[in-house]
Amino acid sequence: MTNAARFAAVWLLLSIWGAAHGAPLHSPWPGGIAVIDLGPSESRPAATYEGNPVLVLQDQGRWQAVVGIPLDTEPGQTSIRVGEQDILVDVVEHAYREQRLTVKNKSHVTPDPKQLERISKERKIIDAALNNYRDIETESVALAPPVAGRRSSSFGLRRFFNDQPRSPHKGMDIAAPEGTTIEAPRDGVVTATGNYFFNGNTVIVDHGQGFVTMYCHLSEISVAEGQSVTPGETIGEVGATGRVTGPHLHFGTYLNGTAVDPDLLLID
């Protein structure tokens with residue numbers, strides 16, 4: 001399939017999904033997405049959650065707030081702010097499994113002081129990109145698969161590296177051979193690229209209104225910061241850089257600065 005044909009196929013798929021389902025399914029659990037009806041109005045309402053602006057789109061003539069719920073949220077009630085009003089959301093319990101991995105490079109488990117300094121600097125760059133808010137109209141949050149391969153259900157796993165507990169896994173691992181092409185899942189702007197200590201070669205793409213995707217452990221990066229990308233456009237290749245046990249793509253999806261399960265957004 002030519003690049004033009006692949007672009008047309010991906011764009012058609014996204015358009016069909018977006019027309020039928022502007023917002024994703026309501027999944028109000030830690031690491032999930034709360035979809036809150038804001039009713040009809042002439043202009044897009046402004047909404048915030050924990051001080052961060054929230055993505056708001058139109059679905060069948062009504063405005064919907066699409067809110068990422070942090071993994072560390074306790075079950076119970078939380079709220080989003082819309083104008084001067086607080087709208088309550090019931091967060092339900094959701095169990096995630098454990099994962100134990102063996103990493104050969106011991107510094108990727110217990111970094112030394114110089115490496116910790118590097119990690120701190122990189123964290124500021126990554127956090128800035130993941131929390132970026134570009135105020136544009138957004139019709140859908142549907143994503144085409146960025147790479148062909150077996151998708152793990154690894155999001156939210158409580159991870160142990162060499163038997164040492166670490167933060168939960170905040171993405172989906174997609175198994176693919178090194179060098180496999182990674183494609184942009186929808187249009188956006190590249191906000192960060194780099195070779196980071198844990199993530200290896202990384203690309204972060206802003207899709208608007210705080211909707212961000214991240215691609216880690218790449219062998220090659222094919223885009224530059226500030227570059228606009230279209231659905232199906234090559235952004236890099238699968239690799240095994242950073243903290244990994246083998247070649248794969250770590251695919252992360254973020255709403256309002258919060259990691260959410262990519263499986264809730266992928267169209268197939």
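A: Let's start with Arg44, which is partly exposed because its relative accessibility is 23%, and buried would mean under 20%. Please keep in mind that this is a predicted model. The side chain of Arg44 meets that of Asp135 in a salt bridge, at 2.9 Å from N to O. Where do the two partners sit? Arg44 is in the loop between strand E1 (33-39) and strand E2 (47-49), while Asp135 is in the loop between helix H2 (113-130) and E9, so this pair ties together parts that are 91 residues apart in sequence. Asp135 counts as exposed, with 54% relative accessibility. Arg44 and Asp135 also belong, together with Glu137, to one network joined by salt bridges that share partners.

That contact is one of 10 salt bridges in the structure. Lys121 and Glu117 both lie in helix H2, four residues apart, about one turn of the helix. Their side chains form a salt bridge with an N to O distance of 3.7 Å. Lys121 counts as exposed at 53% relative accessibility, whereas Glu117 is partly exposed at 47%.

Arg123 and Asp127 are likewise four residues apart in helix H2, so about one helical turn separates them. In their salt bridge, the closest N and O atoms are 2.9 Å apart. Both ends are partly exposed: Arg123 has 38% relative accessibility, and Asp127 has 32%.

Now for the rings. The structure holds three aromatic pairs. In one of them, the ring centres of Tyr96 and Phe155 are 6.1 Å apart and the planes stand at 70°, so the pair is edge-to-face. Tyr96 lies in the loop between strand E7 (85-91) and strand E8 (98-101), and Phe155 in the loop between strand E9 (150-151) and strand E10 (158-161), so parts 59 residues apart in sequence are tied together by this pair. Phe155 is buried, at 3% relative accessibility, whereas Tyr96 is partly exposed, at 25%.

Phe197 and Phe198 make another edge-to-face pair, with 5.0 Å from centre to centre and 75° between the planes. Here Phe197 is buried, having a relative accessible area of 6%, and Phe198 counts as partly exposed at 25%.

Conventions
Residues are numbered from 1 along each chain as its sequence is written. This is a predicted model: local features need pLDDT of at least 70, side-chain atom pairs count only at pLDDT 80 or more; totals for chains, interfaces and linings use all residues. Side-chain values use heavy atoms; hydrogens and water are left out. Rings of Phe, Tyr and Trp (its six-membered ring) pair if their centres lie within 6.5 Å; planes under 30 degrees apart count as stacked, over 60 as edge-to-face and the rest as tilted. Helices (H or I, at least four residues) and strands (E, at least two) are DSSP runs, numbered from the N terminus. Buried means under 20% relative accessible area, exposed over 50%, partly exposed in between (1.4 Å probe, protein chains only). A salt bridge is a side-chain nitrogen of Lys or Arg within 4 Å of a carboxyl oxygen of Asp or Glu.
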